[in-house]
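Subject: Structure handover

Hi,

Here is the structure I promised to pass on.

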Amino acid sequence: MSREITITTLKYNPSDENSQPTFVDYTLEETPGMTLYIALSKIKATLDHDLTSDFVCRAGICGACGMIINGKPKLACRTLTSEFEDGKIELLPLPTFKLIKDLSVDTGSWMKNMSMRVNSWIVSNEEYDISKLEKRIEPEVADEVFELDRCIECGLCVAGCSTAIMREDFVGAVGLNRVARFSIDPHDDRTDEDFYELIGDDEGIFGCMSLLACEDHCPKDLPLQSKIAYMRRKMVKLA
Ligand code: SF4
Ligand code: FES
């Protein structure tokens, strides 16, 4: 049996000086299997063409649709409206990231800065020779690297993190996971001392207060808690 649901969203355009932050209610008919992506698309098509939110893949892959849904950071395309028994859903943009408009935030610039900060690339001492096959690594090690590479840069771990909200330059679980990924990859020749130079401070590994909301909210179930602990154990020896 279908029911009416009410979606309340923040509307605000920081680049328009006449815009004021306001909450707007939209009432619509729920359809079977309706996700928040579908609900927002319906609102945009029939009730408010001006409402802004981001979606690309609709399948939990691109990481574009993160927002605060009834107080929790989640992907809108992977959240069913039926999860909310009273049919009332409140949406806010992710905190920490620059607000573009309404529910749309700029995670891209944040992720780029984080990637530059932690030197998020393979650093090898070997001269690159395109005619040679890539260095072979053990399958178990490759699996471990690929597991950490599943991050979709959605920013939910950052939005749910108290340190990230207090410290503007904190690299977040996404950044610490990235460093853990390179530290276990045999293609990368950096030492623990090199990684310490990148994250051995309060904006890096020592900023984490171990509340671990990052892992609670990660839609890809990445082992953020154990990877942060793994890096902290390594880095504390060098402090
Ligand atoms: S670690 Fe998880 S929550 Fe954080 S950006 Fe990557 S996929 Fe999103
Ligand atoms: S639209 Fe791509 S993750 Fe939701």
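This is a predicted model: local features need pLDDT of at least 70, side-chain atom pairs count only at pLDDT 80 or more; totals for chains, interfaces and linings use all residues.

First, a term for the sheet: two strands count as paired if DSSP finds at least two bridges between them. Helices (H or I, at least four residues) and strands (E, at least two) are DSSP runs, numbered from the N terminus.

Residues are numbered from 1 along each chain as its sequence is written, chains are lettered from A and ligands numbered from 1 in the order in which they are written, and side-chain values use heavy atoms, with hydrogens and water left out.

On to the sheet. Ile 69 has Leu 91 in strand 5 as its bridge partner. Strand 3 (residues 66-69) and strand 5 (residues 88-92) pair antiparallel over two bridges. They belong to an open sheet of five strands, ordered 2-1-5-3-4, with mixed pairing. Strand 2 (22-29) and strand 4 (72-75) sit at the edges with a single partner strand each, so one side of each has no neighbour in the sheet. On average, neighbouring strands here are turned by 35° against each other, direction ignored.

Helix 1 (residues 36-46) lies across strand 1 (4-11), strand 2, strand 3 and strand 5, and runs at about 100° to strand 2. For that angle, axes are lines fitted to C-alpha atoms (for helices over the stretch in contact), and angles run from 0 to 180 degrees between N-to-C directions. Contact means heavy atoms within 4.5 Å.

Thr 6 is in strand 1. Leaving out residues up to four places away in sequence, Thr 6 touches Asp 25, Tyr 26, Thr 27, Gly 87, Lys 88 and Ile 89. Thr 6 and Lys 220 are 214 residues apart in sequence, and 28 Å apart in space from C-alpha to C-alpha.

There is also a hairpin: strand 6 and strand 7 have two residues between them, and Asp 102 in the turn has a positive phi of about 55°. Three bridges join strand 6 (residues 98-101) to strand 7 (residues 104-106), antiparallel, and Leu 99 has Val 105 as its bridge partner.

Now ligand 1. The residues around it include Cys 151, Cys 154, Cys 157, Cys 218 and Lys 220; to be in the shell, a residue needs a heavy atom within 4 Å. The shell divides into nine nonpolar, one polar and two charged residues. In this scheme Ala, Val, Leu, Ile, Met, Phe, Trp, Tyr, Cys and Pro are nonpolar, Asp, Glu, Lys and Arg are charged, and the others, Gly among them, are polar.

Last, how are the pocket linings made up by secondary structure? Helix 3 (residues 139-148) gives the largest share of the lining of the largest pocket, three residues. For the second largest pocket, the largest share is five residues from helix 2 (residues 107-117).

Cheers
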